[in-house]
Each structure stands twice: as C-alpha cells, then as structure tokens.
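Keep the 3D view open as you read.

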Amino acid sequence: VDYTYATLGSSISTVLNGTPVVAIGNPLRYGKSVCYGAVTSTDVALQKADASYQILTTDIYADVEANGFLINVRGQVVGIVTADGHNSGMENLIYAYGISSVKNLIEDLANDEMACYLGIYAKDVTEEARKELGVPIGAYVTAVENGSPAMTVGIIPGDVIVGVGDISINNVNVYTHEHLPTQDSQVMHWKEVIQWCYYCINYCF
C-alpha cells in the first residue's frame, strides 16, 4: 500500500483563529471518525515539566477521550488532539497541542534522540519581583516533581534558574525551549551553583 505522508503546517499565526479545521483519527472515540469546526484560540499555554506547549482550542464537539489530529484546509497537520488543558465544562471540545510547539520534540523522537528530564515547572520573574524583592532575571521555579533529578539536587519552589552551563537564562522560554541541560552542564540558581544530576529518557512527559 502506498501512503501519502501528511505535512506539518504552522500553529504560530494569529490568522489561524477562526479558520476551519478537521479533526481526524478518533475524535468520537471510535476509529476513522471525522469532525469539523474552527479554531477559537491559539494563545493558551500548557505547562509541563521542563516545557511549555501551545494549546489550540476549537468549537468541535467530541468525546472526552478523543485523540487524533487537526488538519487545516491545505491538508496540513496543525495540531495533535489532547485531553490536557481543558477548562472546567469544556471537556467535550477538541483541544490540541499546536504543531509548532512540538515540532522539535517530534524530530527528536523520530531521530531516536534522548531528552533530558529535569522535573521543573517554571515561569518568568515579574518586573515587580525584580524591583521590589531583588529577585534576579531567570526562570522562577513554581513546582518540582517528586523524585525528579531537580528534587534530588535540592532545587525547590522559589528558586530562580539563572544559567545552564555557559548560557544565561533570561526567561522561562529560553529554559524550556532552547537550553535544557546536557551531560556536562551545570545549573546555576540564585542560591548556589550546583553540579547537575540528570536522567535521560525517551519522552519528556
């Protein structure tokens, strides 16, 4: 059987709002079902350990355990359907990871590359915290997963990650998308400089 491979589109444009999309795969909890509707929002972010992903919301009614893909009118994949990120009362609407926010992860998995799991949830340091409390610019740790490498080496909520190796971490986007630690990296937070303990796994969550 000859298969035509789907191409990956883009989910970063605000023009995507209001555009028609088709949910294929398993939106109704049985195989080969299809639903259609429109993208209602592109600016929702879902925090995961060591990562932040774009969530596309739609007005497509589906099963609460739906999965599959969102396809645009050009036949390109713009989202991967997920049950994550729903607001209360919205569980039956299709939400999807924006394809642009997971392209690097897809490429790494396709190439059998390992991902470093740290176990940190973080957000940007606010301007008020910098001015009034003297908190340095960086990725402010909001939570640490139990049993994670971050917990093992003593990172706790309230720490601020300011550097990874020779790379300065100015905000959480730099930390989650650009400069995760490698084997020889050190993570510097504002309390002390520590030697990084890391685990490598096949999936980031």
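In this predicted model, the second largest pocket holds about 250 Å³ of space.

- Sorted by class, the lining of the second largest pocket has 6 polar, 5 nonpolar and 1 charged residues.

**The largest cavity**
- How many cavities of 30 Å³ or more does the structure hold? There is 1, and the largest cavity contains about 40 Å³ of space.
- Strand 5 (77-82) and strand 6 (93-98) are the elements that each give two or more residues to the lining of the largest cavity.
- Strand 6 gives the most, with 3 residues.
- Among the residues lining the largest cavity are Asp63, Val64, Val81, His86, Glu91 and Tyr95.
- By class, the lining of the largest cavity counts 7 nonpolar, 2 polar and 2 charged residues.

**A look at Gly119**
- Find Gly119 in the loop between strand 7 (115-117) and strand 8 (120-124).
- Is Gly119 buried or exposed? Gly119 counts as buried because its relative accessibility is 0%, and buried means under 20%.
- Beyond its neighbours within four places in sequence, Gly119 is in contact with Ala49, Asp50, Ala143, Val144, Glu145 and Ser148.
- Val144 sits 25 residues from Gly119 along the chain, yet the C-alpha atoms of Gly119 and Val144 are separated by 5.7 Å.

Technical notes
Residues numbered from 1 in each chain as written. Predicted model: local features only at pLDDT ≥ 70, side-chain atom pairs only at ≥ 80, totals over all residues. Heavy atoms only, no water. 1 Å grid on protein atoms, 1.4 Å probe; cavity = no way out; pocket = protein on both sides within 12 Å on 5 of 7 lines; lining within 4 Å. Points joined across faces, edges and corners; volume = space filled by probe spheres on them. Helix = DSSP H or I, 4+ residues; strand = E, 2+ residues; numbered from the N terminus. Nonpolar A, V, L, I, M, F, W, Y, C, P; charged D, E, K, R; others polar. Buried < 20%, exposed > 50% of the residue type's maximum accessible area, 1.4 Å probe, protein only. Contact = heavy atoms within 4.5 Å.
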